[in-house]
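Have the model open alongside as you read.

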Amino acid sequence: MGCSKRAAVAGLPDDALVEILSRLPAKSLCLSKCVSKAWCDLIADRLRCRKLPLTLQGFFYGCVYESRNEDRVFSCSGVERCSSEGNNGDGSEKNKGASEDKHEGGQCKGEKPSDHDCGNFINLLGRSVPLVDPLFSLLKKQPRIKNFTLLDSCNGLLLFGQSRYSAFGDTTSYIVYNPATEHWVTVPSSGFSSNSMELDDDSEDDDDGESCVLTYLIFDPVISSHFQLIEFCHSSKVGMVQTYSSEVERWGDRLREWRRWKKGSEWDLHRTITSMRGSTLFNNMLHLIINTSSGPELIAAIDGKGKTRKVIRWVESHGVPVFVGQSKGLLHCVSVSGHPDGNSGHMAELSVWVLEDYNAEEWKLKHTVSFSELFGKRSCQFAADYNVVTIHPDQNLVFFIQHWDYKLISYDMDHKEVGALCTVGCYYSVISPYVPYFSETPALSKKEAMK
């Protein structure tokens, strides 16, 4: 493959060595970089060494850890998400092309996890050796880490939330962790709590649900070795956007952006946070579906400083958007449509749209499938019956979680085939896609961030 000027092993072509290295678990692959400079260059060359695992390797789920001395964590952001809504008992039909369950790091059943069974990893490559440690044993050994819950992932890094309790309200701090290198760093709380004081004297004193925090991780090693966090905060009185940069190690806010998110303003932050719709990093900006106060949904592109750089309008005739992601270098959106029973909440088919020209903002239909073919049901309700987990970054595959039997399934758009991957159980929490990142980054150095 010509990944280095000279062979990393005398008498052995680099092609053969790459074939061998590609079969190693992530931790062993990282350790192999210490053999020699030639080995390090060969493994670290992510752009040319295509046979090293650089694409979607699997999914983490059930990643909720609580030490025995900690109270159970509850949050509207999905720390403990186990709703019986939509479980109507008719999910007994088998999916076509279903394969045997493949999982690592715990029993892939519906039992309630114990304090130490905090994670599972679904291996899409069928490796006999675990790719990573899904129990995150290293983090659990840290004396200052009492609990953590998987919130997000981005280009090989995982974002965990840590809940902390006080008489003044609950706050959340964070851990950013690389499972491949086992390097990590903690991020202090932004200061937002469940009992946040009213910041706007004109806010009405009414109840719009409990306080919610939704936090996203932004990391693109091609652009920068540092990561950023975007925290969307909502209470009955406040809607705000706060950001954190590992480069400056401090939180900031976007006061000008608050106008968009205030109660009764242009964008409905509470509905956006609780809608369980997907997000993706594309063009080094976070893209997510926004619920508007009036009119169809839209897709907002937000940079690492919390500024809205672009607003992509959604065409109402394309259906209701339920997931935004990226595949093959293009922005994709999954929508649902059809009202077979007259109830707009129950749809009959799912469509995949692609934005072939990002600047022109013209969505083109890529694929359509009925819910009868996909789920074996005439109609389904998003969030109650199923969620979209992700779209494969390199293949025409979409992954879903069925809520009536808690199965993670895949749908192959090319062959129109459904496959069952794993039964995750009702305590699955967040199902997060994982793409390994083997290089070290100065933002993660097994130390805590400055307080």
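## Ground rules

Buried means under 20% relative accessible area, exposed over 50%, and partly exposed in between, with a 1.4 Å probe and protein chains only. The model is predicted, so local features need pLDDT of at least 70 and side-chain atom pairs count only at pLDDT 80 or more, while totals for chains, interfaces and linings use all residues. Residues are numbered from 1 along each chain as its sequence is written, and side-chain values use heavy atoms, leaving out hydrogens and water.

## Gly295 and its loop

Gly295 has a relative accessible area of 56% and therefore counts as exposed. Its place is the loop between strand S13 (285-290) and strand S14 (298-302); helices (H or I, at least four residues) and strands (E, at least two) are DSSP runs, numbered from the N terminus.

## Salt bridges

Searching the whole structure gives four salt bridges, each a side-chain nitrogen of Lys or Arg within 4 Å of a carboxyl oxygen of Asp or Glu. One of them joins Arg277 and Glu297 at 3.4 Å, N to O. This pair links distant parts of the chain, 20 residues apart: Arg277 is in the loop between helix H6 (269-274) and strand S12 (279-282), and Glu297 is in the loop between S13 and S14. Arg277 is buried at 17% relative accessibility, and Glu297 is buried at 15%.

Another pairs Arg309 with Asp303, their closest N and O atoms 2.7 Å apart; Asp303 is buried at 10%. Lys364 and Glu356 also form a salt bridge, at 3.2 Å between the closest N and O atoms. Here Lys364 is partly exposed at 42%, and Glu356 is partly exposed at 47%.
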